[in-house]
Amino acid sequence: MVARKENETASRHAIHCSAKCFTLNRGFLTDHDGVKISTEDLLASFGLHPSAAEVAALEDTRKLAAEMAKNIQAEFDLGDS
Amino acid sequence: MTLAISENGRSDEYDSCVERVTRSLQAAERLNPELNAFVSRYDESARVVAEELDRAVCLGRGLSLLGVPVGIKDVFETVEGKPRAQSLVPPAAQLRDALAVSRLRRAGAIVVGKTATTEHAAGFPDPDKPFAPPRNPWNLQRWAGGSSSGSASAVAAGIVPVALGSDTGGSLRVPAAFCGVTAHMPSPGIVPTDGLFPLSPELDRVGPLARSAAHCAEVLGVLGGEEFKPMTLSGGDLRGLRIGVDLLRNHTDITPDPSFGPAFEHLQEVLSDCGAEVFDVSLPSYRTLSNASSIIMLCEALALHRSRLSERWVDYYGSTRGVLSMGAFFSSDELAQARRVKVHVQGLLDELFSRVDAVITPVSLVGATSFGDLDPRFDSLASQPELLLPRAARAMVEFGAVHTRYWNATSSPVTAFPIGFTHDGLPLGAQVAAGYFRDSVALSIAEAFQERTSWHNQKPYLFA
C-alpha cells in the first residue's frame, strides 16, 4: 500500500513536470521558427542575454540544432495528424 | 556474494555496520582530496545510523542492504542536506529523502555522502567555478565521465560499493564505462524520480552503480519498492537467449581505441560460450532517434532552467549555458516531431525485440576524456570561455565517441559494464539493452560475462 502510494506520487510528479515543460515549450517556441530572427533576439525572447562574443559562438550551436531538426523531419514524415 | 554479506567479497567473517562505515569514511578521507568524488560527507550521521543498525541486528532484524555504505549523486534530496547540483544556482529542493534514497535506507543502506556531478547533470567541469572536477581513479588527469561522475569514481576507487545516479543521455553509463564499473538504467517506471532534481522529466531515469551486475540487481530489487519482484539472474547460463550486436560503425567519425575491437570480439565469444546465440543486427533509425532524444532533453532542460538562467546567466557554468541555450533553437513543431519519432521508433524497436532478447552496443569507443580536451583552461592554456559554449553543446549532443542517447528515448533497460582496457590503461565499456521491463535479461547477460571474466573486479592501481 505504501509502495503504491509512493508510485502514484512519483507518477503524478513526472506527469506534472512533463506537462509543464510541454506547455512552456509550446508557449515560448511557437512564435519562433529558429531561422528568421537573429540568434540574439531569439535568445532574448527567452530572457537570455549572452555577451556579444557568446552570441557569436552560439551561432554554431544553432546550426547544429537546425541539422538535428532537419534530420528528424527528413527520415520520418509523419504527416500533420 | 551479496552486498549485505560483504562488499569486499569476504564471506569468512561478518563486518559490523560500524566497521563498514568506518572503512568507507576512512577511504573517503584518504582518497577524496585527489578524486573529488564527494561534494558532501555525512560522517557523523552515518556513524550514528551504523550503530543503530548494529543494535537492530542484535534484535534479529534482517535487511537486504544491511550496513552497505552508499553515495548519492548530488541531484537527489536527502534529509542530511539539500542537493546543490554542483552549481552556484542550486535547485529548489526540500530537506527530505528522495523516494529512491528512502528505499535504500529502509533496506539498511547507510548514506555516507553526496557525490559530484556535472552542473545540474548537464555541461562539463569548469575551472572558473568553485567546484573541484571529479577525477578518474584510473588516471587523475582524466574525467570520470558525466553526469554521475562522483558516483562512478567513488565505486571504482572502492570508497563505497554502491552509489545512486541518474541517466538522461548517458549519465549512468558513460561514467560507468570511463571508470570501469557497472551501472543499470532501469526500465522507465521501476525506480521513482520523485526527489530527483530533473534535467528532462520525460527521459530521466534513476539507477544504481556498483562493481558488478549482480550487485546492481540486488540494489534494483530495493529501488523498485515493495511491489517490484526480486529478480533472479541466469547464473551464467544464457542458453536460449538471442543477442544482437551493433557496433554502430557507421555512426561515428571517431577512430576507436586499438583495444576496442578485440575487447568487443572477446565479449561476443564469452557470451557464445555461455550458450547465447550471438549475431549482428542493425538498430533502427539510430541517428534519428539519438537526435530526437537530444531535442527532447534540451527543450525540457531549458524549460526547467529558463527563469534562473535568465536571472543568473553568468553564475551557470559556461558549458551548461551552451547546452541549455540550445533548447531555444528548437520550435514547438520540432519538439512535437521529436516526440512522434520517439514513439514511432519504439515500434520498430519492439519488432526488433521480437527477434532478439537483447542488443549489445558500445558505450564508448575510447577511454575517458582528458580535462585538457574538455576545456583547455584545465591545462592552463589560453582559451576564450565563450568559445566553449558551442563546443560543449556539440559534445553534449554529438559526443561522437559515446553511444548512449538512443536508449534514453526508448523504454529499454540498459546495463553498462566493463569489457577491457584501452591501449593506455583506461576502462572500456559495453551496454546491453533489453525489451521493456526485461531488466533481468540485461543484467543476466552482463552477469554471465562477469562470471567468466575479471574486468569488473580490477581496481585502479592508484587506490588498490
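## Chain A: surface and secondary structure

Chain A has an accessible surface of about 4800 Å², and 56% of that area belongs to carbon and sulfur atoms. Areas come from the Shrake-Rupley method with a 1.4 Å probe, and for residues only the protein chains shown count as cover. Of the 81 residues in chain A, 37% count as buried; buried means under 20% relative accessible area, exposed over 50%, and partly exposed in between (1.4 Å probe, protein chains only).

The model is predicted: local features need pLDDT of at least 70, side-chain atom pairs count only at pLDDT 80 or more, and totals for chains, interfaces and linings use all residues. Residues are numbered from 1 along each chain as its sequence is written, chains are lettered from A and ligands numbered from 1 in the order in which they are written, and side-chain values use heavy atoms, with hydrogens and water left out.

The secondary structure of chain A consists of 3 helices and 0 strands, in the order α-α-α along the sequence. Helices (H or I, at least four residues) and strands (E, at least two) are DSSP runs numbered from the N terminus.

## Helix α6 of chain B

Helix α6 of chain B spans residues 213-223 and is mostly covered, with 8 of its 11 residues buried. The buried residues are Ala213(B), His215(B), Cys216(B), Ala217(B), Val219(B), Leu220(B), Val222(B) and Leu223(B).

After α6(B) comes Gly225(B), with a positive phi near 85°.

## Cysteines

Over all chains the structure holds 0 disulfides, a disulfide being a pair of cysteine sulfur atoms within 2.5 Å. For Cys179(B), the nearest cysteine sulfur is that of Cys216(B), 14 Å away. Cys179(B) is buried, at 1% relative accessibility.

Cys274(B) has its closest cysteine sulfur in Cys216(B) as well, at 18 Å, which is too far for a bond. Cys274(B) is buried, at a relative accessible area of 4%.

## Aromatic rings

There are 10 aromatic pairs over all chains. Rings of Phe, Tyr and Trp (its six-membered ring) pair if their centres lie within 6.5 Å; planes under 30 degrees apart count as stacked, over 60 as edge-to-face and the rest as tilted.

One of the pairs joins Tyr436(B) and Phe437(B): the centres are 5.3 Å apart and the planes at 65°, so the pair is edge-to-face. Tyr436(B) is partly exposed at 46% relative accessibility, and Phe437(B) is partly exposed at 45%. Ring pairs also link Trp138(B), Phe421(B) and Trp455(B) into a cluster.
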